[in-house]
Amino acid sequence: MVKLRPYQNESITDIKTFFKSGGLHCIIQAPTGSGKTVIFSNLSMLVAENSKKTLILTDRSELLYQAGGSIKKTGLQSMYIQAGAKFISNAFNCYVGMSQTLRKRYKLPYWIEFFNSIDLLIIDECHDQQFNWVFESGLFDNKHVIGFTATPRHSGKMRQLALDYTKIIEGVEVTELIKEGYLVGDDYYGIEPPDLSNVEFDHKTGDYKTGSLFQKFNSPTTYTGAVKNYKDICPDTKTICFCVNIEHCVKTAIAFNKEGITARFIVSNLSRPKIPENKENAGKMAKYVERKRVYDLLQENKHLTGERKQIFKDFHENKFKILINAGIATKGYDQPDIETVIVLRATLSTTLWLQMLGRGSRIYPGKTHFNILDFGGNAERLGHYTEKRLWSLWHEKFEGEGLPPIKTCGFHSDGRPIQVNGKPGCTRPILASYKICPFCGFTYPKKELKEIDLSMIIIDSQNHTAKKTKLIKEMSNSELHECWKDKGHKTPWLWKQLWYKGGTEKIKEFGKEFGWTQSNIERAIKFV
Ligand SMILES: [Zn+2]
């Protein structure tokens, strides 16, 4: 039996109370790293003790095994249901199934019978639209359902969570997990102090007012300068880097390697693009040329990538420093010794933002914190890593309402005309998001990214304030001491920063200045 942490016990008590009061469907909000698989293993165990059955639904095979693994530790036997499954054994009290597999079967009588035999359904990462079939099928209307997620949030035209669940039970907070030593805290480096004072805060929903945020939503900017900032801020740290797309991944990997920093990238498979049959179609030809260019770039840099499993293995074994991807290594990817997360993109998704940060927050021997290098102003838009968020089962449908934004081919969205190689566009109306005109093949020039120096920013999540400070390497002893107190990091963080600045000599000097005892100085030196 796996021993539960105190807050995990509380979650289970909350669920029991909810069910006892007649509730059927609830969401448990729990941050990445809070050990939710352990919670649902224990729930399954409790259910099995009453000779009842649990089905755990997930959408990723990694999670299937992770989930199954921690269930095994509880001593409970479970059956996996994955692609190709035809029959179910009645002998189990717990089933762990891939959502994609079961979605294909839920209308078949044999499988309906199976679903009817289930008493408790647990849905992992339940914010995902993938699980809509569960509720649309009606099979679980009168059964107990618990959804687990770090970010219970839907947006735009997505199905309202309130149709499927009646309550969100909020679990432990990130700050609490850091304090108890289950996660590490962060050092945040961003574009500028997120000036939250200009954005109206709606205390009812706990979110920024949509009106005042609309501008920011509309123009997310990504900056560049990953290599320079890495060298300045966190040289030699084990790093995961998130890019926008394949081309961006390849180019970022090239830039790091050029500076002698070993970096590898992983991207989804790209098949060789086919020349369009109708070569007269300028739109299709332009698209082909663009795809071929990215394909060739990828081929030329094969030596910086490889088979996904192998790259993960090499990264695990520290054969290179920086792992670059465009969203493959997010949920379910666990490499706890990662010290730095570089976000080279602007996202509008809270889920993705927190998943990216979650790759750095795991505890590891000797790890005192993790660095966030945010080139997309994401903390300003989506909130800081440790920020207390309020969640709601309902969401505004303002996104996707109304007409899609349109521009005229050969013009920017704001009406300014552009020419590429002296050629104008065909002036037909096209979607504002198009980079290539489907009619004439007019190809919009790529935006030049601005290189910037990130600043260290100390965020007070409680009071929604942020202040910019010097980089640690430029701080005097007393400034570093103040920074340490402001951030609320544990003492080993300070030891490590001193060591980075000037090795054991610096620790001794600092210790003398701040009146540390000899044994404390020795402890610090021993730690680093
Ligand atoms: Zn055109």
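User: How many bridges join strand 2 to strand 5?

Analyst: Strand 2 (residues 54-58) and strand 5 (residues 120-124) run parallel. Strands are DSSP E runs of at least two residues and helices are H or I runs of at least four, numbered from the N terminus. Two strands pair if DSSP finds at least two bridges between them. For strand 2 and strand 5, the number of bridges is four.

User: What pLDDT do local features need in this model?

Analyst: Residues count from 1 along each chain as its sequence is written, and side-chain values use heavy atoms, leaving out hydrogens and water. This is a predicted model: side-chain atom pairs count only at pLDDT 80 or more, totals for chains, interfaces and linings use all residues, and local features need pLDDT of at least 70.

User: Which are the edge strands of the seven-stranded sheet?

Analyst: The sheet is open and its pairing is parallel, in the order 3-4-2-5-6-1-7. An edge strand pairs on one side only. That gives strand 3 (78-81) and strand 7 (167-170).

User: What angle does helix 2 make with strand 5?

Analyst: T54 has L120 as its bridge partner in strand 5. Helix 2 (residues 36-49) packs on the sheet, touching strand 2, strand 4 (94-98), strand 5 and strand 6 (144-149); contact means heavy atoms within 4.5 Å. Axes are lines fitted to C-alpha atoms, for helices over the stretch in contact, and angles run from 0 to 180 degrees between N-to-C directions. The angle between the directions of helix 2 and strand 5 is about 170°.

User: How many aromatic pairs are there, and is W111 with F114 stacked or edge-to-face?

Analyst: Rings of Phe, Tyr and Trp (its six-membered ring) pair if their centres lie within 6.5 Å; planes under 30 degrees apart are stacked, over 60 edge-to-face, the rest tilted. The count comes to 22 aromatic pairs. The W111 and F114 centres are 6.0 Å apart and the planes at 85°, so the pair is edge-to-face.

User: Are W111 and F114 buried or exposed?

Analyst: Both lie in helix 5 (residues 109-117), three residues apart, about one turn of the helix. Buried means under 20% relative accessible area, exposed over 50%, partly exposed in between (1.4 Å probe, protein chains only). W111 has 3% relative accessibility and F114 has 6%. W111 is buried, and F114 is buried.

User: Is the ring pair of W499 and Y500 tilted or stacked?

Analyst: Their centres are 6.1 Å apart and their planes at 50°. W499 is partly exposed at 37%, and Y500 is partly exposed at 42%. By the plane angle, the pair is tilted.

User: Which residue has its charged end over the ring of W111?

Analyst: W111 belongs to a cluster linked by ring pairs, whose members include F87, Y95, F115 and F140. A charge sits over a ring if NZ of Lys or CZ of Arg is within 6 Å of the ring centre and within 35 degrees of the ring normal. At 5.5 Å from the ring centre of W111, the residue is R105.

User: Within what arc do the buried residues of helix 15 fall?

Analyst: In helix 15 (residues 477-487), the buried residues are N477, L480, H481, C483, W484 and K487. They line one face, because their directions from the helix axis, taken to the C-beta atoms, fall within an arc of 160°.
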